[in-house]
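Reader: I would like to see how the terms used for this model follow from its values. Please take them one at a time.

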Amino acid sequence: MPTRRNFLKQTGAALGYSSLLHSGIPLFAQNSLANQNLSSSVYTGAASLAARAARTRLPYGCAVVPERLNMDMQYTRTIIEQCSILVAENAMKWAAIHPQPNAFNFAGADKLLAFAQAHNMQVRGHNLSWHQALPPWFKMTVNRENAQAILVQHIQTVAGRYAGKLHSWDVVNEAIRVRDGRSDGLRTTPWLELIGENYIDIAFRTARQADLHALLTYNDYGIEYDSPNEERKRAAVLALLRGMRKRKTPIDAVGIQSHLHAGSQADFGRGLKHFLHEVRKLDLQVFITEMDVDDSKLTTDAEQREVAVAAIYQKYFDLMLRDPQVTAALTWGITNRYTWLSHIHPRKDGGQSIALPFDTNYQPSKAFFAMGIAFDRRKVQSVAPALPAKVSNSSAIHVPA
Ligand code: G3I
């Protein structure tokens with residue numbers, strides 16, 4: 001039984017990409033047509049996600065596990081072909097990069113930076129302060145007396161090491177949780193309990209001093225849907241951002257993680273548009289930082305799940321990309337073969353999570369075509385500066401040791 005990729009090569013591109021795009025054929029029929037008639041060139045080079053996004057000055061990329069770059073060459077090739085910006089899924093978090101109180105481990109982060117530079121890609125830093133992924137020594141060592149000094153030293157060391165080399169930093173990650181009951185909606189994180197609410201300003205000010213160039217970002221999830229909880233969270237995030245602006249805390253962007261759900265009762269639209277409008281008034285850029293779609297609640301077959309997931313990609317990107325302030329888009333991984341969702345939200349039927357633009361065999365999924373068409377249809381240019389020229393020649397795969 002030939003694999004889909006061999007079959008694609010044998011049939012060649014009977015339908016060129018552009019004729020498919022402007023054929024007026026509904027997206028999902030296109031994809032099935034595409035599956036029968038396209039050669040691999042239809043989704044690389046000028047037809048890659050990075051190239052199609054770059055036409056409106058939008059870097060597109062994904063979260064990466066640096067160690068995997070040496071182990072899975074299809075993973076590496078797909079990233080090179082499709083991405084112009086990367087973020088470490090875990091390698092730049094405290095647990096990985098600061099494993100001992102007085103020891104840092106930059107191996108994973110350095111490898112990612114070297115790989116990205118070799119392929120002319122940008123890199124996002126993720127993240128400088130969070131309540132998760134803290135190393136085991138944190139609980140035993142950090143207290144009210146030393147917490148601020150430890151946070152400042154971490155940021156100075158890590159952001160200082162990569163100063164001038166990063167597109168942006170997630171300086172503070174997920175600091176809002178309204179249900180914790182505070183009037184400001186702040187999550188009662190270890191940082192808040194040990195330093196106080198000004199830990200956020202301290203983190204941003206320290207990051208700016210350490211790196212004058214990286215776009216300093218507040219990153220959060222659960223602010224996409226039109227539901228009462230997410231409406232309350234959006235209001236709390238906006239209050240945080242307005243307060244930071246008022247205190248002249250250095251901040252450049254807000255990251256909307258965009259972990260979406262297929263089969264969700266809620267929908268997104270009015271609330272998210274209003275949020276984008278309010279963020280624009282604060283003169284902040286918006287990044288789609290961690291997009292994926294959780295299909296674990298769907299009980300239909302894989303083909304129908306793929307259609308449902310692609311429809312969410314299409315609708316979400318069509319909405320978000322109307323806004324010129326949206327200046328970067330990343331998915332939380334590139335292939336369903338490696339998605340955090342299969343561990344954290346596994347399907348009850350044991351089926352493969354369908355969440356990302358490539359399937360487990362590195363073939364483009366319907367979400368790939370949906371995202372690509374949304375990039376093609378974008379009418380506005382991102383407000384961000386033009387992107388560095390992208391080298392997507394995957395034959396020159398360079399993976400640092
Ligand atoms: O590296 C250790 C390994 O040494 C150990 O043997 C193994 C077993 O415990 O754990 C490994 O660390 C795991 C790490 O991923 C690397 O694989 C952690 O346990 C595990 O908790 C961690 O999960 C990550 C999670 O963040 C928590 O840091 C997920 O891969 C990652 O996809 C997820 O990403 C987050 C974003 O950073 C923030 N937004 C939400 C998003 C999804 O939760």
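Author: A polar contact is a pair of N or O atoms within 3.5 Å. The model is predicted, and the values below are computed from it.

Reader: Which atoms make the case for glutamate 174 and for histidine 126?

Author: For glutamate 174, an N or O atom of the side chain is 3.0 Å from a nitrogen atom of the ligand. For histidine 126, a polar side-chain atom lies 2.7 Å from an oxygen atom of the ligand. His126 is also listed among the closest of the 14 residues that surround the ligand, together with Glu89, Lys93, Glu290 and Trp332.

Reader: Why are helix 10 and helix 12 called roughly parallel?

Author: Their packing angle is about 30 degrees, with the axes 9 Å apart. Angles under 35 degrees count as roughly parallel, so helix 10 and helix 12 qualify. The crossing of helix 10 past helix 12 is right-handed.

Reader: How do you know that helix 13 and helix 14 are roughly parallel to each other?

Author: Helix 13 (residues 228–246) packs on helix 14 (residues 270–281) at about 0 degrees, and the axes are 11 Å apart. That angle is under 35 degrees, and the two helices are therefore roughly parallel.

Reader: What classes of residue make up the contact of helix 13 with helix 14?

Author: Six are nonpolar, one is polar and four are charged. Among the residues that meet are Glu231 and Arg234 in helix 13, and Phe275 and Glu278 in helix 14.

Conventions. Residues numbered from 1 in each chain as written. Predicted model: local features only at pLDDT ≥ 70, side-chain atom pairs only at ≥ 80, totals over all residues. Heavy atoms only, no water. Axes fitted to C-alpha atoms, helices over the stretch in contact; angles between N-to-C directions. Helix = DSSP H or I, 4+ residues; strand = E, 2+ residues; numbered from the N terminus. Parallel < 35°, antiparallel > 145°, perpendicular 65-115°, else oblique. Contact = heavy atoms within 4.5 Å. Nonpolar A, V, L, I, M, F, W, Y, C, P; charged D, E, K, R; others polar. Left-handed = near helix turned anticlockwise from the far one by under 90°. Near = heavy atom within 4 Å. Polar contact = N/O pair within 3.5 Å; in protein donor to acceptor, adjacent residues only side chain to side chain.
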